[in-house]
Protein chains: 2
Amino acid sequence: MFVAIADALVAAIKAGRLSAGSRLPGTRSLAATLGVHRNTVVAAYAELTAQGWVYGSQARGTFVTTAPILADAAPAGTTSATRARFRVAGDDAVRTAARPLETDGSTPQSREHPALILSGGIPDLRHVPRAALARAYRRALLSRKEVLDYGDARGVLRLREALAAMLRATRGMPCSSEDVIVTRGSQQGLALAARVLVRPGDTIAVEELGYPPAWQIFRREGATLLPIPVDKSGVDVDALADTLKRRRVRAVYLTPHHQYPTLATLSGPRRRQLLALCQRHGVAIVEDDYDHEFHYASRPVLPLAAADPGQVIYIGTLSKIVAPGIRLGYIVAPRDVLRTMAAERMLLDRQGDAAVETAVAELFEDGEIQRHARRMRRLYVARRDALVRLLRTRFAEAVEFDVPDGGMSLWVQLRGRRSAERIAAHAARQGIWVGPGRYFSLAGHALPYLRIGYAGWSERAVAHAVKSLGL
Amino acid sequence: MFVAIADALVAAIKAGRLSAGSRLPGTRSLAATLGVHRNTVVAAYAELTAQGWVYGSQARGTFVTTAPILADAAPAGTTSATRARFRVAGDDAVRTAARPLETDGSTPQSREHPALILSGGIPDLRHVPRAALARAYRRALLSRKEVLDYGDARGVLRLREALAAMLRATRGMPCSSEDVIVTRGSQQGLALAARVLVRPGDTIAVEELGYPPAWQIFRREGATLLPIPVDKSGVDVDALADTLKRRRVRAVYLTPHHQYPTLATLSGPRRRQLLALCQRHGVAIVEDDYDHEFHYASRPVLPLAAADPGQVIYIGTLSKIVAPGIRLGYIVAPRDVLRTMAAERMLLDRQGDAAVETAVAELFEDGEIQRHARRMRRLYVARRDALVRLLRTRFAEAVEFDVPDGGMSLWVQLRGRRSAERIAAHAARQGIWVGPGRYFSLAGHALPYLRIGYAGWSERAVAHAVKSLGL
């Protein structure tokens, strides 16, 4: 019976009758409607969750996944799908992960890309120095056959040296190549941090609002997440201090430079307070500095890791400064932590692609990436200002927001009774992807906010998209 | 006190007084020698294990790691290492992983490559079509900026299609692009299999002898490993059947095509028996087919996954057919399993490098990889035969072996009182890396066997190296 209900719901989702993001009826009310026991409906929802069609919980409600993570239809002429004859392990954390990440870290999973993704974290890929990258890759590949061999799980030395030099020069971080490991984007950095920090049952404090893909991997490794509020000065360190009096916390996961998703920069006093607090309690800090390069205020803000490298696992990425597709990130951490991370890396995927890593190292050595970052910084600050002007002149009665000191998006509060979900759904129908507040809330609260990215497209394209939002 | 002992041992390892693979004194005897409590020595060994200098257990003995996984010396002029002010999680399984994998899947971690790695799984990298790969990469990068964007966690469609076509054509596997996901080499395939199969406490049956990097990730995900003996027809299915009568087993991990490390091909009757047995007991089969291409006997042997795709998680790699450094592998599995794997992949590293995947897809479409595989097959079979001749004519009194039907190594039994460890250590001093029996034993038994790889180097170089082994 529950299979029949699940199948009917899947058919409704596939046919578009239940659209992405829409809420399924409560189990009680659907059971009453169908005249079945409530447990039957609960079982059907559990099955749909397991299959990735829906996400959520009985407490928060059940929602239709934005797009199936894997298309289900077999191409014509090939064999039909086989079903596993064995049970697949996996807990709610994994199942939740089947929910496409409606965040900076991702785009919709369907083959059909929306025309414009305004969710925030995508750089303008038209400007990436692709020809230079292709030349550098060719040189790396042809010069030494060792780039094709098994190698160092920490990443090629040349890239670690280039990254350390960049971090010393631009972020005041006292590190050498031995303090850096190269990862597959920041997500692998988060995975390695979670694997070396979390034992099942540990508590990780996170920002509320925050970055769901990080939450998901911490949970998958067995952590309980504890939300700490954020405000216009970043995470509320007093609230964290209160929490630490009552509860043992393993680590705190933060985005202090441009808080995700609110863009707040963690203030100086709070930084000092946070470092002292975490040191006193033996709490590790996982600092996710995903777009450090794109800071437009005149005074630079150094990472927490620059102040206290013994306390911080620092995660960076080249996804914003170069491109997400090259899958390169890095971790700076105390050396005994890095050693364990390298061992974990050996188990997860052995090592990176030395040819790509060598090519990117060359682009750093030649100053190519630095020039690109400068060009993009100019471009993005102009786009930010254009979007600010547009919103202030045309949509002043619809939205309010602070102009952030950096980043690639605005965090925009909707005035009146405007619903972020409704606007996002309306936008999605026009091929525009924009992140509504709920996606960034650990508690799943529907918040009247939108995160509007402006970096990836021309001022004109962004303006056109924003005008189509129906604000 | 234990720190002083640990430091002294580290100094001895660094200075080479305690050489790679050598056994540390028992804790009891060292405590007696030093006149300290035994717990002090136990603590010192635990510290060294945590730092990756040694591996093992009190039961099996403690051994010096072949090379530190991370070099410890800071480059001149940079800051000294910072120590973490927080505890790092991790269990023995991770610590063990810090032991460099003296197996096909790996090479020593030190910067100094041995002159010749004869451990078995490295293809001849001089012949890889590097110029064609560089051209294809350039085309992929310049043609569509989407290869630089966030994309499908399953891998680019073109490569999944190319892989499915190859698997249909050469391995009789009834699959389409929807049945394949691209991974970062076979190690990520193993990691994803472990993560979707294992719940803590589950039992995974493995071949004894077998592949340590697979064991390590299964253990890391919480599995208990159960050894099943192998003989000249592959894994002993009767022994597995006996085990299944007494014990609940979640999955069996196998290398049926060219058993790792013995090169035995699992016989036809055993294949049928195995599939029926696993189906009866609801046991998943993880089939690691790491060098399927290099089979030299006239009659092809199809994977287990060709016979019963609902029962098998099939893992393949391009590390042998192209090169380890490109970090590409693939999984074929039932679609609901693949869906969970894609969700896990999102958490671990989000997605692959679409430019590299597209480039390799083009090489498949052009037949470049297939031509390369044919060339390498001819080359490797000639190298196998040359090594067989050499061993039979010059070392007949020292070794005996069967000529395997495929693969890239010989599994050689040492006659008389020859010690595999002694020969491997002697070879290592001359810059030759060869795998002694113990490395492949789950129980850690010292076995009078060597795995000698012949694929990666010219007949002459292999002959020279083998003559230097001191057989």
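Student: In what order do the strands of the open sheet of four strands in chain A lie?

Tutor: In this predicted model, the pairing in the sheet is antiparallel. Strand 12 (399-400) and strand 15 (435-436) of chain A are its edge strands, since each pairs on one side only. The order is 12-13-16-15.

Student: What angle does the direction of helix 14 of chain A make with that of strand 13 of chain A?

Tutor: Helix 14 (residues 368-394) of chain A packs on the sheet and touches strand 12, strand 13 and strand 16 of chain A. The angle between its direction and that of strand 13 of chain A is about 15°.

Student: Why are the buried residues of helix 10 of chain B on the same side of the helix?

Tutor: The buried residues in helix 10 of chain B are B:R270, B:R271, B:L274, B:L275, B:L277 and B:C278. On the other side of this helix, B:P269, B:R272 and B:R280 are exposed.

Student: How many residues has the largest nonpolar core?

Tutor: Those with the most contacts inside this core are A:L318, A:V360, B:L318 and B:V360. Leaving aside neighbours within four places in sequence, B:V360 is in contact with residues including B:L133, B:L159 and B:I369. The number of residues in the largest nonpolar core is 128.

Key. Residues numbered from 1 in each chain as written. Chains lettered and ligands numbered in written order. Predicted model: local features only at pLDDT ≥ 70, side-chain atom pairs only at ≥ 80, totals over all residues. Heavy atoms only, no water. Core = buried A, V, L, I, M, F, W, Y, C linked by side-chain atoms within 4.5 Å. Buried < 20%, exposed > 50% of the residue type's maximum accessible area, 1.4 Å probe, protein only. Contact = heavy atoms within 4.5 Å. Helix = DSSP H or I, 4+ residues; strand = E, 2+ residues; numbered from the N terminus. Pairing = 2+ DSSP bridges. Axes fitted to C-alpha atoms, helices over the stretch in contact; angles between N-to-C directions.
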